[in-house]
Amino acid sequence: MKRALCLLALSLGLAHAQRAPAGVLTIRFLDVGQGDAVLITSPEGKSVLYDGGRSESRMRELIRQYDVPSLDLIAASHGDADHITGLIPAAALFKPRFFLNNGVAATTQTWAKLTNILKLAGTQGLPARNQVLNLGSVRLTVLPPPAGMPAGDQNLNSVGLIVQYGSFRALLTGDSETEQTRAWLRTLPGGTLGPVDVYKSIHHGAANGDSAAWLAAVQPRNVVVSVGPNNYGHPTSTALNLYRKVGANVFRTDLQGTVTVTVQPGGAYRITTEKGTATPAAVPVKPAPTPAPVVPAAPANVTYANCAAVRAAGKSPLLRGQPGYSTKLDRDGDGRACE
């Protein structure tokens, strides 16, 4: 698969706390402790806050720290408190026009407070569906919860977002779990997900989020884990090992503070961290690669009658999006045929 040309500069030092500069896309994975909050600002100065962390006071601090002038849209990946509490002061202050959400009302006082603030602000609800939102010159592709998810389960109804500017792509997926990612792999057209330059770790690096099949489709080059002190064991060694196996750099907000991605027109990007370290956090040393056997390239329109033919061609397993992949050969629908 053609990989986007990009320039990656890992600038590991103290990032300046300032308003997002004009003329570039800025994505800030905000340090909100144990929770998620991602501030996206287009080159034209239009902003989206995707989740807000679990603290109203912390979000107020961050709004002042980064001199956020306005919000055009706020979005909740789902209704859990560690994702929506910080949206309350943001909604009260900026009165955004739209509130993107999964359409599943939570039963908490936090949810009630948020929706009341949104009502007073005159904000219009925007239930997630297959749609593209334009944030100036930045394209936001909404990934709604797949059909068939349990109606009362907030995690399994997380709203995903693909951020695209030039050749740059980022993927945000809330607290999705493997049941939801399997459904996305079954239903999304091949190539929808990856490769991505920056990927926000699912569910703060929980063991029930990312999987090998999912990451094979996402193909992340850099992973940001939004995490703080917690009793859940986040991020888990399971998730960190999965990121290591796909060769991704890993950044953590608990160790490096707010992680900022700055994208130039065309897609070249750099990543800076609030707290400098010598290397990206928690990236184990990769073993020397073993040369892969040379296999003649398959034509793009190749088809295989069955898995025996796939194996005879030396193509097993076939991943979703590769020549010859077919759902008929992928019995469990995990994106890996003829495993």
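In the predicted model, strand 11 (residues 168-172) pairs with strand 12 in the parallel sense, over two bridges. Leu171 stands opposite Tyr199 of strand 12. Between the two strands the chain passes through helix 5 (residues 178-187), and this β-α-β crossover is right-handed.

Strand 12 (residues 196-200) is also joined to strand 13. These strands run parallel and are connected by four bridges, with Pro220 of strand 13 as the bridge partner of Val196. Here the chain crosses from strand 12 to strand 13 through helix 6, again as a right-handed β-α-β crossover. Five of the five residues of strand 12 are buried, so this strand is largely enclosed by the rest of the structure.

Helix 7 spans residues 237-245, and its buried residues are Ala239, Leu240, Leu242 and Tyr243. Viewed down the axis of helix 7, these buried residues fall within an arc of 155° and therefore line one face of the helix. An α-helix has 3.6 residues a turn, so residues three or four places apart point the same way. On the other side of helix 7, Ser237 and Lys245 are exposed. The buried residues of helix 7 are covered by elements including helix 6 (212-218), strand 13 (220-225) and strand 14 (249-252). After helix 7 comes Gly247, which has a positive phi, near 75°.

Definitions and conventions: Residues numbered from 1 in each chain as written. Predicted model: local features only at pLDDT ≥ 70, side-chain atom pairs only at ≥ 80, totals over all residues. Heavy atoms only, no water. Buried < 20%, exposed > 50% of the residue type's maximum accessible area, 1.4 Å probe, protein only. Arc of directions from axis to C-beta. Contact = heavy atoms within 4.5 Å. Pairing = 2+ DSSP bridges. Right-handed = clockwise from strand over helix to strand, strands pointing away.
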